Amino acid sequence: MNRDPLVEVYRHPLLQASDLDQLISVHRPISFEKGDFILKEGALSNAYYILVTGLVRSFVFDFDQNDITTNFISKNELILEASSLFQGIPSQENFQALTPCHCLKIDFEDFQRLFHSIKGFREWGRAWMAESLFQLKKRSLSMITDSATDRYLNLLSQQSDILKNAPLKDVASYLGITDSSLSRIRKETARN
């Protein structure tokens, strides 16, 4: 198994080489085709994945049954529905491969066992959760305080792979705008 994605994701000063070896030993390669669901709304999550290659979208349906993108997951990021995995409740989100995806899967039981036995893994988990909370807060504030153009430009500068691989309707819903607004913003920014 290629260790590089795991070493990249689990980078933390308290994780020793022997700790990484234990973590690597419980991850299993798994692939998804474009359009495959990794987790569907209503299902229980019993694992999480590290995305090695590809692009995944998480989404929900609003009160009018409109499909709204909540996140994009790119290379070396976790595909994880934390509420379902850690609280044992049905997922409210769907996770779907937008491209062919190669992942490394860790079952919840293995995660729990190693989380409780490896101090560096616990510290990595806390740091990951804190960073995820920070990013969620930052996105929430951006949806209120930034213009649609600024949100688009931030996505373009920070995660251009999304704009190359995701359907524009998914990008528009992620940005909180209509498809036609996204088309207008793209034309305006291309001219400037």
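In these legends a residue is called buried when its relative accessible area is under 20%, exposed when that area is over 50%, and partly exposed in between, as judged with a 1.4 Å probe on protein chains only. The model is predicted, so local features need a pLDDT of at least 70 and side-chain atom pairs count only at pLDDT 80 or more, while totals for chains, interfaces and linings use all residues. Residues are numbered from 1 along each chain as its sequence is written, and side-chain values use heavy atoms, with hydrogens and water left out.

View 1. Most residues other than glycine have a negative phi. Because its relative accessibility is 57%, Gln-65 counts as exposed.

**View 2. Helices H4 and H5 packed against each other.** Two packed helices are described by the angle between their axes and the distance between the axes. Helix H4 (residues 108-117) and helix H5 (residues 119-145) meet at an angle of about 110°, and their axes are 5 Å apart; axes are lines fitted to C-alpha atoms, for helices over the stretch in contact, and angles run from 0 to 180 degrees between N-to-C directions. The two helices are therefore roughly perpendicular, a term that covers 65 to 115 degrees. On the H4 side the contact (heavy atoms within 4.5 Å) is made by Phe-111, Leu-114, Phe-115, His-116 and Ser-117, and on the H5 side by Lys-119, Phe-121, Arg-122 and Gly-125.

**View 3. The largest nonpolar core, with 23 residues.** A nonpolar core is a set of buried Ala, Val, Leu, Ile, Met, Phe, Trp, Tyr and Cys residues joined through side-chain atoms within 4.5 Å. The residues with the most contacts inside this one are Tyr-10, Leu-15, Tyr-48, Phe-121 and Trp-124, and among the elements that each supply at least two of its residues are helix H1 (4-9), helix H2 (17-26), H4 and H5. Leaving aside neighbours within four places in sequence, Leu-15 touches several residues, including Tyr-10, Leu-20, Phe-121 and Trp-124.

**View 4. An open sheet of four strands in the order E1-E8-E3-E6.** The pairing in this sheet is antiparallel, and two strands pair if DSSP finds at least two bridges between them. Strand E1 (28-32) and strand E6 (78-79) are the edge strands, each pairing on one side only. E3 and E8 are joined by six bridges, and Leu-51 has Cys-103 in E8 as its bridge partner. H4 lies across E3 and E8, and runs at about 60° to E8.

**View 5. Strand E7 (residues 94-97), covered on both faces.** In a regular strand the side chains alternate between the two faces of the sheet. In E7, Asn-94 and Gln-96 are buried on one side, and Phe-95 and Ala-97 are buried on the other. Strand E2 (residues 37-39) pairs with E7 in the antiparallel sense over two bridges, with Leu-39 partnered by Phe-95. Strand E4 (residues 56-61) also runs antiparallel to E7, joined to it by four bridges, and Val-56 stands opposite Ala-97.

Definitions and conventions. Parallel < 35°, antiparallel > 145°, perpendicular 65-115°, else oblique.
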